[in-house]
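I opened this notebook to keep track of what I look up about the aromatic side chains. My entries follow the order in which I checked things.

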Amino acid sequence: MKVLGIETSCDETAAAVVEDGRILHSNVVASSMDLHAQYGGVVPEIAARSHIEVIMPVIEQSLEEAAATWDDIDAIAVTYGAGLGGSLLIGVLTARTLAIAKQKPLYAINHVEGHLYANFLTGTSLPGYALPASQPVFPVLGLIVSGGHSQLVYFRDHFDYTLLGQTQDDAIGEAFDKVAKILGLPYPGGPSVSKKALEGDPFKYSLPKARLNGKYDFSFSGLKTAVLRLAQEQIGEDFTFPSTALPDRLNDLQKADIAASFQRVAVETVVDKAATAYEEYGPRTVIIGGGVASSPELRRQLSGRLPLPVSYTDPKLCTDNGAMIATLGCYKVMLGAEPADPYALDIAPNLSM
Ligand code: KG4
Ligand code: ZN
């Protein structure tokens, strides 16, 4: 049973073919990231226009890479939320059209749920993928850490989950991106802050961890502001000093120490909650999804704090991709979930878990 997955919720146009929710046959991702880099963040109009230009070639390439024809595809799965409205529309309208034209059942996928399903892929014929040796076993504790989301979820089984907590403001990846801007590091901020942090002392500065009412909720906006104040202080200026002028005034060591201290605290924030949830719920597996899941610091801290080995998937499957959407689509098919109406499926930009 093979599912074609389509993902266009942000700046990646992606399509992939997955078999039986465990075997990856193709994974094609075209990113418009280079076009956004000069603006320091994703520009929704540019993202939507890029999706229109490349979506059909990306889908065709994903079939080709999988050596599949439309006859081999049993269903189409598409991200319908959460994400940028204009971007989601392109994926959903394309998937609806293909479902009708090729007479395939259509499945609407929640992008955030999808991120965790990348961890169910354990086999591939594609070169260059480091996949976990075995699939997650329920009950599963899932941590989603991406540019748009920070969520902690307890899964009793497929589709049977409780959202334990989530960010009340910025997502963790967004905080990395904003700190990168303060330090003048290139976009996307996560990998560049990570790299800079290698040269710094993670205990040089103490930065605040948010205290929230929800036991498993996160907050990163206070931490980001604290980094801004710290940077201003380090160059002997007050809070009125413009953040855009900071990169020229901070020296390399200050940047590295700020990056390392920020990264330690941001990662500790999510690892603390994951460790508490692990103790309370006693899951059999812990899985991580989203772009920040490829952070070496997150992996290091989690291994130190959890008593069970956490297996991670390939970094190419942590950031946005069609494979995670196709994988969740497979489980929808295999477990008899209701398909979407290809004449009516709408986008849901603010969809939550
Ligand atoms: O999952 P993703 O591709 O997009 C969303 O669904 O939001 O995640 C992208 C995010 C960006 O904020 C990026 O800065 C962050 O993941 N990221 C990292 C690392 N690699 C990517 N953050 C910290 N450390 C990394 N190594
Ligand atoms: Zn994502």
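I began with a definition: helices (H or I, at least four residues) and strands (E, at least two) are DSSP runs, numbered from the N terminus. With that in hand, I located F159 in the loop between β8 (150-157) and β9 (160-166).

I noted that this is a predicted model, in which local features need pLDDT of at least 70, side-chain atom pairs count only at pLDDT 80 or more, and totals for chains, interfaces and linings use all residues. Residues are numbered from 1 along each chain as its sequence is written, chains are lettered from A and ligands numbered from 1 in the order in which they are written, and side-chain values use heavy atoms, with hydrogens and water left out.

K316 lies over the face of Y129, at 4.5 Å from the ring centre.

Then I searched the whole structure for aromatic pairs and got 9. The rings of F218 and F220 form a stacked pair, because their centres are 6.3 Å apart and their planes are at 25° (rings of Phe, Tyr and Trp, its six-membered ring, pair if their centres lie within 6.5 Å; planes under 30 degrees apart count as stacked, over 60 as edge-to-face and the rest as tilted). F218 counts as buried at 1% relative accessibility, and F220 is buried at 0%. Finally, I noted that ring pairs link Y117, F120, F138 and Y331 into a cluster.

Conventions: Buried < 20%, exposed > 50% of the residue type's maximum accessible area, 1.4 Å probe, protein only. Lys NZ or Arg CZ within 6 Å of the ring centre and 35° of its normal.
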